[in-house]
Amino acid sequence: MSVALLEIRNLEVRFAMRHVTLVALRDVSFAINRGERLGIVGESGAGKSVAAFSILNLISKPGYISAGEILFEGRDLTKLGPQEMRKIRGNRISMIFQDPMMTLNPVLTVGTQLTECLHAHRELSEPEAREIAMERLAQVHIPSPEARFDQYPHELSGGMRQRIVIATALLTNPWLIIADEPTTALDVTIQAEIMDLLLELCESQNVALILITHDLGVVSQVTERAIVMYAGRVVEEAPTREIVRAAKHPYTQGLIGALPQQTESRRRLKQIRGVMPALTEIPPGCAFHPRCPYVLDVCRVQLPGYSIKNGARVACHMVAAQMQTEAKESES
Amino acid sequence: MTVGSGRALVEVRNLAKEFPLQTGFLEQLHFNHGRISRVRESVKAINGVDFDVVKGEALCVVGESGCGKSTVARAIMGLLKPTSGEIRYENKRIDTLKGKNLLPFRRKMQMIFQNPYASLNPRMTVQKTLQEPVRFHYPDLSPAEIGEKTAAVMQSVGVDPSWTVRYPHEFSGGQRQRISIARALAVDPEFIVADEPISALDVSIQAQVLNLLMDAQEQRGLTYLFITHDLSVVEHLGTRVAVMYLGTVCEIAPTRTLFATPQHPYTQALLSAIPRLNEVRPNHIKLRGEVPTPINLPKGCVFHGRCIHANERCLHDVPRLRKAASGVQVACHAVEEGRL
């Protein structure tokens, strides 16, 4: 297997508050290859955005990376200085945020923002930068780019703004795009268009994509592999199709079962009882055990390790026990 | 006019609501080519909406942001005064009522809002929040009876009645939404308008709240008007669906019929855009252009600029909701003429 484009090993992120130190991410590891599309799924507070932000070293105080490595093309990003990091951030790795109105500067024209990004990373003349910017605007299917170039963000619709943000992310030909809930603020028809666009661009330019979302439907249609996070930990990783078809972890099963489209209309939905614990009160053992329908005694005391099988991994005592008995049966 | 078999509980007739952009006289004055002229623009949030809510059903109103679905909900509840049109509740016109005359309807109609962080008063304990409407609508009840009533309603939404002395910030988002539901149910309403009640919640909590809403409907025989943009929720909860686009209703149909055979071109595009599990990326119908501004509405059918089936007639004639099949109403010339 080729060397991964980005590899995260045993990442731990803490937030030092006045009285306590919260562990927002614990022992998070995953990798992504060139041109691959990876989904990170979870509910709010699961740590998916913290994971994405820490890749680009965007965790601000009081948060800090307390352990682990983030290897991008073999270099550990956690050890880079601000100057070095700036050469990677926005250049080799781009990020798309949730709300396009917050990401774009309201007092600068679209064109200024695009060329500014180019000037920051490349030595280009103004006409050259303009030409590249125009090309990217055409790539994201913006009608009449010349007219849009001199407009301000407020003159554009939400979908159009998100296209501009995507064009900005593509300016420097990055190898990896991290999209944090890129369509949550948009309507379904626009969401479908933006997702089509992201998919098309990633495929045509062989860009890797990390898609962070709470929407399992979006993940199932766009990504090849998915990670499910719960209370700061990866609980399951598998090819997306496997997760959707036969999720192993009880939490993933619950998430998928809770979707209205999985149940016959007007029937009660399969719900997960309780709520995700706050970071201050993560229970001992498996963090999911108070909500788990299959809870065992060991779940209450011992943090489950990963059971790995066929390129999928699950952090669950029950699944581990099942796999063991299966292995024994096949031996005998 | 009733659709289906049941009796219409709420009738909305030709409802329109405009929000003026320039409210002050001086704001309206514009200086143009050496002349002063008075300009009055307005946002046409809804224009000519007609539908019935049948007793016992869950009518879902869907549409994209800005299509006027919340305005319809607020107008029905009397939170906004409609510019024109009529709203009837049990055959009595309510949009013109005021004060004492409106009071009995206020008890029968309750609303659940989108954001449980904003719709509960942070300075009132849950007990106060729940008891206030009961005390207001049932002045004859003793304090003990009011306490019993609110405890029972809290129990029914799955919030421990011993937590009544707590403040909203002590609860999670899902529990807060349960409390807002309890507040709506506390006065024994018949009709509940829920404006995006689950869109601020996480997936696992959404399922809990949807189940709660369905249970409450079954136990209390409630009628719902459910406003949402989430089509998979509509498919699950709604008995009938009204699809809105730019302030008009383009299609009303029983849920199953709508999802199986959408007729209006906009409904077809909207349904094809739902991200579904277990499916390879489907070819969704791409709409050209963007939603026009509700300040300058397009002439004729509001959808004509984005519709691939539009012809000369669509540019001039406003399509009216017409019966297309049993229980299905569509506002589209192409469907009516059989071109589609």
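**Close-up views of a predicted two-chain model**

**Figure 1. The β13–β14 pair of chain B.** Three bridges join β13(B) to strand β14 of chain B, which covers residues 328-330, and the two strands pair in the antiparallel sense. Within this pair, R322(B) has V330(B) of β14(B) as its bridge partner. The model shown here and in the views that follow is a predicted one.

**Figure 2. The eight-stranded sheet of chain B.** The strands of this open sheet follow the order β8-β9-β10-β5-β11-β12-β14-β13 in chain B, and their pairing is mixed. The edges are formed by β8 (109-112) and β13 (322-325) of chain B, each of which pairs on one side only. On average, and with direction ignored, neighbouring strands of this sheet are turned by 25 degrees against each other.

**Figure 3. Chain B as a whole.** Chain B contains 12 helices and 14 strands. Its radius of gyration is 22 Å, close to the 20 Å that the globule rule gives for 340 residues, so chain B is as compact as a globular protein of that length. The C-alpha trace of chain B spans about 65 × 60 × 35 Å along its principal axes. Of the 340 residues in chain B, 45% are buried. Among the contacts in chain B with a separation of 6 or more, 67% are accounted for by residues 24 or more positions apart.

**Figure 4. The eight-stranded sheet of chain A.** In chain A, eight strands form an open sheet with mixed pairing, in the order β6-β7-β8-β3-β9-β10-β12-β11. At its edges stand β6 (93-96) and β11 (307-309) of chain A, each with a single partner strand, so one side of each is left without a neighbour in the sheet. From one strand to the next, the twist averages 20 degrees. Elsewhere in the sheet, strand β7 (residues 176-180) of chain A pairs with strand β8 (residues 208-213) of chain A in the parallel sense over five bridges, and A208(A) in β8(A) is the bridge partner of L176(A).

**Figure 5. Strand β3 of chain A and its two neighbours.** Strand β3 (residues 37-41) of chain A pairs with β9(A) in the parallel sense over four bridges, while the pairing of β3(A) with β8(A), likewise in the parallel sense, runs over five bridges. The residue G39(A) takes part on both sides, with L211(A) as its bridge partner in β8(A) and A226(A) as its bridge partner in β9(A). β3(A) is mostly covered, with five of its five residues buried. In a regular strand, side chains alternate between the two faces of the sheet. In β3(A), R37(A), G39(A) and V41(A) point one way and L38(A) and I40(A) the other way, and all of them are buried.

Figure 6. Strand β9 of chain A, residues 225-230, is mostly covered, since six of its six residues are buried. Both faces of β9(A) are covered, with R225(A), I227(A) and M229(A) buried on one side and A226(A), V228(A) and Y230(A) buried on the other. β9(A) is joined by six bridges to strand β10 (residues 233-239) of chain A, and these two strands run antiparallel. R233(A) in β10(A) is the bridge partner of Y230(A). The hairpin of β9(A) and β10(A) has two residues between the strands, and A231(A) takes a positive phi near 50 degrees there.

**Figure 7. The largest nonpolar core.** This core has 189 residues, of which L176(A), I210(A), Y230(A), A182(B) and L225(B) touch the most other members. The element that gives the most to this core is helix α7 (residues 203-220) of chain B, with eight residues. Leaving aside residues up to four places away in sequence, I210(A) touches I32(A), L38(A), I40(A), A52(A), L176(A), I178(A) and A179(A).

**Figure 8. The contact between chains A and B.** In this view, 34 residues of chain B are in contact with 30 residues of chain A. On the side of chain B that touches chain A, at least two residues each are supplied by α7, α8 (231-237) and α10 (265-272) of chain B, and α7(B) gives the most, with eight residues. By class, this side of chain B has 14 nonpolar, 12 polar and eight charged residues.

How values were computed
Residues are numbered from 1 along each chain as its sequence is written. Chains are lettered from A and ligands numbered from 1 in the order in which they are written. This is a predicted model: local features need pLDDT of at least 70, side-chain atom pairs count only at pLDDT 80 or more; totals for chains, interfaces and linings use all residues. A nonpolar core is a set of buried Ala, Val, Leu, Ile, Met, Phe, Trp, Tyr and Cys residues joined through C-beta atoms within 7 Å. A residue is buried if 20 or more other C-beta atoms lie within 10 Å of its own, exposed if 12 or fewer, and partly exposed in between; C-beta atoms are placed from the backbone. Two residues are in contact if their C-beta atoms, placed from the backbone, lie within 7 Å. Two strands pair if DSSP finds at least two bridges between them. Ala, Val, Leu, Ile, Met, Phe, Trp, Tyr, Cys and Pro count as nonpolar, Asp, Glu, Lys and Arg as charged, and the others, Gly among them, as polar. Axes are lines fitted to C-alpha atoms, for helices over the stretch in contact, and angles run from 0 to 180 degrees between N-to-C directions. The radius of gyration is taken over C-alpha atoms; the globule rule is 2.2 Å times the number of residues to the power 0.38.
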